[in-house]
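Trainee: I would like to learn how to read a few structural features. Please take them one at a time, with the general idea before the case.

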Amino acid sequence: MSDQAQALRQLVTSRSGFDPQSISKKSNARIITVSSGKGGVGKSNFTLNFALALKSFGSKVLIFDADIGMANIDVLMGVRPRYSLYHLLKGERDITEIIELGTGGLPFIAGGSGMADLFTLSEQDLNYFTSQIEQISEEMDFILFDTGAGLSKETLKFITAADECLVVTTPEPTSITDAYALIKVVHGLEKDVAFRLVINRVAGESEAKQVADKISLVAKQFLDMDIPTLGYLSDDAHVMQAVKKQIPFSAAFPGCPAARDIRSLAMKYMDVPQLKSKDTLSGIKGFMHKWLKRAK
């Protein structure tokens, strides 16, 4: 078993540039949640391909599959993880051992049944979890938490603790309504949460703008919030073909419209100034500080 653990450490180091054995002093990773008001809008698919696009531009990225009960990042890549968060929380494996490698050497942590346990940890166990996550946070630029859709207490806790939330929606009226409902509820709990919109499955830029305007105008009028739009993804048949192949669409069909859109979106994200909350703490330390505050 120790040989397997060592092999995984070497794989993570060689393929992702992340060395879990050497802790640097650089800034902590930016913690981003990817959420949606309802299921079926392509949230996990966006998270995966967005992470791959960021990685292709030189960023060190880790995906944390935080969708309780519906975790499927591994399925989208055709990978069967040996370990999950459950094994870390039970003390059976350390953080380096539960990191799996997916498409293109992308590191990810499968949530599995351990996600439910994460919300009932003792203070001692929370301190252990924090120390483990800090190890990888200091070696990453971004950690993406793919949360569950909707307004579960677990999803809300992730969103309010993170540095930023990307809300994925589609042009469907129910998706737009539920996206705004998510923003409204989160804003009622924590007014300093920073949001950006991602509009998925659109016919073009014009439709994306119409959808974004509906949400941003209402948010400004009733919540006094400015919600910028990060970008959009075209409605592309190649995406479903890639899902069936269990290969990320940006890898299976790199020249397709959705793949071009995700690269443009990732490039824009890296170029624009990062949204900041009024909380002076950021990264994993800020994440855990806000997490514990919400738990009280």
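Trainee: What is the order of the eight strands in the open sheet?

Mentor: Strands here are DSSP runs of E with at least two residues, helices are runs of H or I with at least four residues, and both are numbered from the N terminus. Two strands pair if DSSP finds at least two bridges between them. In this structure the open sheet of eight strands has the order 3-4-2-5-1-6-7-8, and its pairing is mixed. Strand 3 (99-101) and strand 8 are the edge strands, each pairing on one side only. On average, neighbouring strands of this sheet are turned by 25 degrees against each other, direction ignored; the axes behind such angles are lines fitted to C-alpha atoms, for helices over the stretch in contact, and angles run from 0 to 180 degrees between N-to-C directions.

Mentor: Before going further, note that this is a predicted model, in which local features need pLDDT of at least 70, side-chain atom pairs count only at pLDDT 80 or more, and totals for chains, interfaces and linings use all residues. Residues are numbered from 1 along each chain as its sequence is written, and side-chain values use heavy atoms, with hydrogens and water left out.

Trainee: How many bridges join strand 7 to strand 8?

Mentor: Four bridges join strand 7 to strand 8, and the two run parallel. Val202 stands opposite Ser234 in strand 8. Strand 6 (residues 164-169) also pairs with strand 7 in the parallel sense, over five bridges, and Thr169 stands opposite Ile199 in strand 7.

Trainee: How many residues of strand 7 are buried?

Mentor: Buried means under 20% relative accessible area, exposed means over 50%, and partly exposed is in between (1.4 Å probe, protein chains only). Seven of the eight residues of strand 7 are buried, so the strand is mostly covered. Arg201, found in strand 7, counts as partly exposed because its relative accessibility is 35%.

Trainee: Which residues lie nearest the centre of the largest pocket?

Mentor: Rolling a probe the size of a water molecule over the atoms shows where empty space is left. On a 1 Å grid over the protein atoms alone, a pocket is an open set of points with protein on both sides within 12 Å along at least five of seven lines, and lining residues have an atom within 4 Å of a point. Here 32 residues line the largest pocket, and Gly40, Val41, Gly42, Lys43 and Ser44 lie nearest its centre. Helix 2 gives the most to this lining, with four residues.

Trainee: How many disulfides are there?

Mentor: A disulfide is a pair of cysteine sulfur atoms within 2.5 Å. By this rule the count is zero. As for individual cysteines, Cys165 counts as buried because its relative accessibility is 0%, and Cys256 is buried with a relative accessible area of 3%.

Methods. On a 1 Å grid over the protein atoms alone, a cavity is a set of points where a 1.4 Å probe fits but cannot get out, and a pocket is an open set with protein on both sides within 12 Å along at least five of seven lines; lining residues have an atom within 4 Å of a point.
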